[in-house]
Amino acid sequence: MNIEVQGPKRMICILDGNGDVTFSISESVVTGWLVILIVLALCLILTKDLKKIPETKRQCAAEYIVKTVNNMIETNMGIDFMRYAPYIAAVFAYIIIGTLISMVGFRSITADISVTGGLALMTFVLITYTKIRYNGIGKYLLSFVNPLNIISEVATPVSMALRLFGNVGGGMIITIILYAALGAASGALYGVFGIPEMASGGYFFNIFQIGIPAVLSVYFDLFSGAIQSYVFIMLTMAYIKMGKE
Amino acid sequence: MEKEALLSAQATVLAGQAIGAGLAMIAGIGPGIGEGYAVGKAIETIGRQPEIKGTATSTMFIGCAVAETTGIYGLFVAIMLLFANPFLKFLGQ
């Protein structure tokens with residue numbers, strides 16, 4: 001049984017004279033571009049020829065999405081923060097499509113700690129901005145007189161990044177281990193019936209790998225991914241709102 | 001170092017990493033208890049006031065996610081130990 005869990009691959013590399021990689025763009029970034037294109041295409045399709053009174057289902061869907069996000073911001077952050085609605089919706093769309101893209105065979109971009117770290121860093125910048133804007137820079141710096149506050153300040157983005165990465169990446173690893181275990185189980189079954197292995201080792205077709213992983217995939221890919229993206233934006237909103245106080 | 005001594009040292013390090021990964025996942029107990037408690041309380045609330053089902057459910061998910069954090073730290077340490085082999089480099093080749 002051979003289990004290989006790999007990080008994101010290097011997709012685009014620039015080599016120097018000796019064949020060493022000087023600059024590389026990882027799989028997550030390339031998939032991220034694809035996600036951005038998907039989101040852009042959705043935006044263009046949904047907002048095509050809008051009417052004052054909606055006639056098409058497309059426009060109803062677009063209005064529903066915008067209304068839901070605005071409601072969420074209003075109940076969770078208050079009316080002062082309505083200008084954050086596009087940012088929150090964009091981050092949500094990026095995370096949820098980037099996570100659920102694993103359903104069609106790509107590697108989830110949020111199973112890479114660099115991506116989740118970057119998203120958490122954006123939240124951190126927004127929190128700090130809100131704190132300085134509403135309380136003044138003097139009060140912000142004064143809060144670091146107690147050095148424990150530095151730890152709690154840093155712990156916020158770290159925990160947000162690790163939470164998203166741990167859930168999605170852990171689900172991915174469990175899926176890989178499950179595939180390996182089911183492959184071993186089918187190998188044992190084939191051994192009972194005396195079906196020979198291929199020359200390269202392993203079997204061409206593992207009977208237990210049909211259907212069974214789909215059941216777990218519903219939880220680890222679909223449910224967990226959706227919940228974690230929701231949690232990420234909810235925590236972003238909560239932290240930004242807390243920065244005002 | 002001689003080859004056999006190096007091999008046995010590597011085996012010891014790998015065994016230690018595997019045991020450590022298993023021990024790190026003991027951290028899963030805490031979030032399990034905490035999330036179960038949170039969900040139980042949320043269901044009690046919904047039973048008492050069914051009209052706030054939406055708010056209670058979304059708040060419960062946030063609470064569960066925050067309670068999960070320590071377990072995720074444990075999972076992260078276990079993943080590091082299993083797949084990144086951080087201690088093999090101390091052997092010195």
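In this predicted model, the count of cavities of 30 Å³ or more comes to one. The space in this largest cavity is about 30 Å³. Its lining is formed by A:Thr175, A:Leu178, A:Pro213, A:Leu216, A:Ser217 and A:Phe220. Two helices of chain A, H6 and H7 (212–244), each supply at least two residues of that lining. H7(A) gives the most, with four residues. By class, the lining holds four nonpolar and two polar residues, and no charged ones.

Two packed helices are described by the angle between their axes and the distance between the axes. For H6(A) and H7(A), the angle is about 175° and the axes are 10 Å apart. Angles over 145 degrees count as roughly antiparallel, and H6(A) and H7(A) are therefore roughly antiparallel to each other. On the H6(A) side, the contact is made by A:Thr156, A:Met160, A:Arg163, A:Leu164, A:Asn167, A:Gly171, A:Ile174, A:Leu178, A:Tyr179 and A:Leu182. These residues meet A:Ile212, A:Pro213, A:Leu216, A:Phe220, A:Ser224, A:Gln228, A:Val231, A:Phe232, A:Leu235, A:Thr236 and A:Tyr239 of H7(A). The contact of H6(A) with H7(A) divides into 14 nonpolar, six polar and one charged residue. A:Leu178 of H6(A) takes part in this contact and also lines the largest cavity. A:Pro213, A:Leu216 and A:Phe220 of H7(A) likewise belong to the contact and to the cavity lining.

H6(A) also meets a helix of chain B. The axes of H6(A) (residues 148–193) and H3(B) (residues 53–84) come within 8 Å and cross at roughly 60°. That angle makes H6(A) oblique to H3(B). The crossing is left-handed. H6(A) contributes A:Ser159, A:Leu162, A:Arg163, A:Phe165, A:Gly166, A:Asn167, A:Gly170 and A:Ile173 to the contact. H3(B) contributes B:Ala65, B:Val66, B:Glu68, B:Thr69, B:Ile72, B:Tyr73, B:Leu75, B:Phe76, B:Ile79 and B:Phe83. By class, this contact has 11 nonpolar, five polar and two charged residues.

Notes:
Residues are numbered from 1 along each chain as its sequence is written. Chains are lettered from A and ligands numbered from 1 in the order in which they are written. This is a predicted model: local features need pLDDT of at least 70, side-chain atom pairs count only at pLDDT 80 or more; totals for chains, interfaces and linings use all residues. Side-chain values use heavy atoms; hydrogens and water are left out. Axes are lines fitted to C-alpha atoms, for helices over the stretch in contact, and angles run from 0 to 180 degrees between N-to-C directions. Angles under 35 degrees count as roughly parallel, over 145 as roughly antiparallel, 65 to 115 as roughly perpendicular and the rest as oblique. A crossing is left-handed if the near helix is turned anticlockwise from the far one by less than a right angle, and right-handed if clockwise. Contact means heavy atoms within 4.5 Å. Ala, Val, Leu, Ile, Met, Phe, Trp, Tyr, Cys and Pro count as nonpolar, Asp, Glu, Lys and Arg as charged, and the others, Gly among them, as polar. On a 1 Å grid over the protein atoms alone, a cavity is a set of points where a 1.4 Å probe fits but cannot get out, and a pocket is an open set with protein on both sides within 12 Å along at least five of seven lines; lining residues have an atom within 4 Å of a point. Grid points are joined across faces, edges and corners, and a volume is the space filled by probe spheres set on the points.
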